[in-house]
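Thanks for passing this one along. Here are my notes, in numbered points, to read beside the coordinates.

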Amino acid sequence: MPPIPRPDFPESTLERLAAAKHIAELTRAGMSADSGLPTYRSGPDAVWNNVDPSEVASVDARRRQPLKVWTRLMTMREKMLACEPNAGHLALARLAASFQVTLITQNIDELHELAGSETVRHMHGQLRTVVCVNCRQHALPHADVTTLMTCTHCGKCMRPDVVLFHEMLNGKNMKFAEQTVRQSDALLVVGTSAQVFPIASLPVLARRKRKLLVEINPNPTQVTSIADECLRITAAIGLPWLVDTLLERARAAPAASASRSKP
């Protein structure tokens, strides 16, 4: 078992999590950092450290220079495809086998699915596929990352199937995420700085609805001041410990109940 990241993690918080009938999970780039994928804005290797995203990953940039945006995002896709899920991804998949969970991610990789999570709502899309700007037909991109694709169904341009900067989120996805938080008993916020709206409003919604709010992030974020508890550790270490603890309690609960019921 990984080392316990916070021996003083409150017993009351663990009890509330173990008793939760529905746990919502919100993940972002920090979730995949230990898989070798850089975060977007923090750390020396952050994706946007020396690049203006409005020039290579925005709606306007795609209109002006579609090939530049295509090449940038398809290169990112190749790097993502070379990565494997880390222990944090695997832990969330194990949690879903014993608890009712709903996983909402801002990540455009598919490491949650590769780890075994079966139902994932991608708020910012997925880089695995591309989509036609006209008929919305999805397809796998060709191997040449420097050449644009056209749709085999209607002949129009294909684009990366992700939400670009200055582009609206899918309204149905946001409604689903908000409803999930309202219906949950707890929200785990993992690896996000909570600076990208409207998704950054979900922890605030959880706080307002008096849901248990737990943050897992090695650095303080916008969520820290409103969270019930914070684990200052990476997802790959913090999540396995937390999930193992919850699963042990879930296994112990029936045995304790049976023992109490004996005459």
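**Notes on the fold**

1. Let me start with a pair of strands. To find the pairing on screen, look for Val131, whose bridge partner in β6 is Arg159. Please keep in mind throughout that this is a predicted model.

2. Those two strands belong to an open sheet of three, ordered β5-β4-β6, with antiparallel pairing. The edge positions are taken by β5 (138–139) and β6 (158–162); each has a single partner strand, so one side of each lacks a neighbour in the sheet. Helix α4, made of residues 66–81, lies across β4 and β6 and runs at about 140° to β4.

3. Next, the parallel pairings. Strand β1 (residues 23–27) runs parallel to β2, and five bridges join them. Here Leu26 stands opposite Ile104 of β2. Strand β2 also runs parallel to β3 (residues 120–122), this time with three bridges, and Thr105 stands opposite His122 of β3. How much of β2 is covered? Strand β2, residues 101–105, is mostly covered, with four of its five residues buried.

4. Now for the interior. As a general background point, nonpolar side chains in soluble globular proteins tend to be buried together. In this model the largest nonpolar core has 27 residues, and the members touching the most others are Phe9, Leu17, Leu188, Val190, Ile216, Leu239 and Leu242. At least two residues of this core come from each of α1 (11–19), α5 (87–96), β7 (186–190), β8 (212–216) and α9 (235–261). Helix α9 gives the largest share, seven residues.

5. Leaving aside residues up to four places away in sequence, Leu17 touches Ile23, Phe99, Ala186, Leu188, Leu212, Val214, Leu242 and Leu246. There is also a second, separate core of 24 residues, and Val59, Leu73, Met80 and Cys132 are among them.

6. A few backbone details deserve a look. The peptide bond joining Phe197 and Pro198 is cis, with omega about 10°. Pro198 sits in the loop between β7 and α8 (201–208).

7. Which residues other than glycine have a positive phi? Arg136 is one of them, with phi near 65°, and its place is in the loop between β4 and β5. Arg136 is partly exposed, at a relative accessible area of 46%. His166 is another, with phi near 70°; His166 is found in the loop between β6 and α7 (171–183). With a relative accessible area of 65%, His166 counts as exposed.

8. Finally, the pocket. The largest pocket has a volume of about 520 Å³. Its lining is made up of 25 residues, and those nearest the centre are His124, Val163, Leu164, Phe165 and Val196. Helices α4 and α7 each contribute at least two residues to this lining. Helix α4 is also the one that lies across β4 and β6, which brings us back to the strands of the opening point.

Terms used: Residues are numbered from 1 along each chain as its sequence is written. This is a predicted model: local features need pLDDT of at least 70, side-chain atom pairs count only at pLDDT 80 or more; totals for chains, interfaces and linings use all residues. Side-chain values use heavy atoms; hydrogens and water are left out. Two strands pair if DSSP finds at least two bridges between them. Contact means heavy atoms within 4.5 Å. Axes are lines fitted to C-alpha atoms, for helices over the stretch in contact, and angles run from 0 to 180 degrees between N-to-C directions. A nonpolar core is a set of buried Ala, Val, Leu, Ile, Met, Phe, Trp, Tyr and Cys residues joined through side-chain atoms within 4.5 Å. Buried means under 20% relative accessible area, exposed over 50%, partly exposed in between (1.4 Å probe, protein chains only). On a 1 Å grid over the protein atoms alone, a cavity is a set of points where a 1.4 Å probe fits but cannot get out, and a pocket is an open set with protein on both sides within 12 Å along at least five of seven lines; lining residues have an atom within 4 Å of a point. Grid points are joined across faces, edges and corners, and a volume is the space filled by probe spheres set on the points.
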